Amino acid sequence: MSILELKYMDKDSILVRECAGRRCPLHYLHGRKSMRTVQVSEITKNIKEMCIEANHYLSKDMEAVMEKAAETEKAPLGKQILGQLRENLDIAAKDMIPICQDTGMAVVFLEIGQDVHLEGGLLEDAVNEGVRQGYTEGYLRKSVVGDPILRENTKDNTPAVIHTRIVGGDRVKIKVAPKGFGSENMSRVFMLKPADGLEGVKHAILTAVKDAGPNACPPMVVGVGVGGTFEKCALMAKEALTREAGSHSSIPWVRELEEEMLEKVNSLGIGPGGLGGSTTAFAVNVNTYPTHIAGLPVAVNICCHVNRHVVREV
């Protein structure tokens, strides 16, 4: 460098460096936080552990709703099946074996604080390395093929499906949700007309669950996305599955919809294992987003009774 000049710039007092005419922010002054550095190796380490944890242990929220369902299920056969599912989960945790033979395709949600600087490599590579280590070192089934038509197994369950969002703060929130395809194949997108309204949304949810029947390994968790665009509603439905089971939206009409749909889904009588009963779903979680004047997109993403998800922050 031939010239290095330090000076204050603008009302926020950002210290900048001018080199050959380029301005490069260095750090913040007057009480404003500097960028927090996170090594991507930390992301890799956590995702490895999260893949193993999600596939061996049911999350606390799912344990709670399953225990409640075992108490309230009305059908003797349904109650018996719920007991067997809980016994399976206990054995899996005790003997460190997967809670389901379909250990899923890794879906990873990342909320990255805008005051975080990631260092040490590419974020996408770090995520996929975590998945690779988790599935190989955890002896989990490798279920990913490298091409949807040629169907050659990648042998390490990569690549993951990665969704990132920039948020405030200096932390990285990681959600790992391995998704099995028995239930994934039962999921639907409905491009409704605005005139279909709320009743159209309700009909779409019930249609998807009825069509899934026993194939989604009920009792299920139903994730719903309403609004946005074709792809946005599907993404909302997917992320809705990672919300704590038993919790509800803060939007009054959405909360009412969740409660009504859970009751109606359970009245279908599909029941545990699809063999009848009063527990077809543990939860219906709905996310919403603004949409276009000409559309009402609705996505229904169904997950089986294990509904694997682990959340950490680094």
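A search of the whole structure finds zero disulfides (pairs of cysteine sulfur atoms within 2.5 Å). This is a predicted model: local features need pLDDT of at least 70, side-chain atom pairs count only at pLDDT 80 or more, and totals for chains, interfaces and linings use all residues. Residues are numbered from 1 along each chain as its sequence is written, and side-chain values use heavy atoms, leaving out hydrogens and water.

Reader: How do you know that Cys217 is in no disulfide?
Author: The nearest cysteine sulfur, that of Cys304, is 5.7 Å away.

Reader: Why is Cys217 called partly exposed?
Author: Its relative accessible area is 39%. Buried means under 20%, exposed over 50%, and partly exposed in between (1.4 Å probe, protein chains only), so Cys217 is partly exposed.

Reader: What makes Cys233 buried or exposed?
Author: Cys233 has 0% relative accessibility, so it counts as buried.

Reader: Why is Phe230 called exposed?
Author: Its relative accessibility is 54%, which is over 50%, so Phe230 counts as exposed. Phe230 lies in helix H7 (residues 230-240). Helices are DSSP runs of H or I with at least four residues, strands are E runs of at least two, and both are numbered from the N terminus.

Reader: What span does helix H6 reach, and what is expected?
Author: H6 (residues 197-212) has 16 residues and reaches 23 Å from its first C-alpha to its last. The expected span is 1.5 Å times one less than the number of residues.
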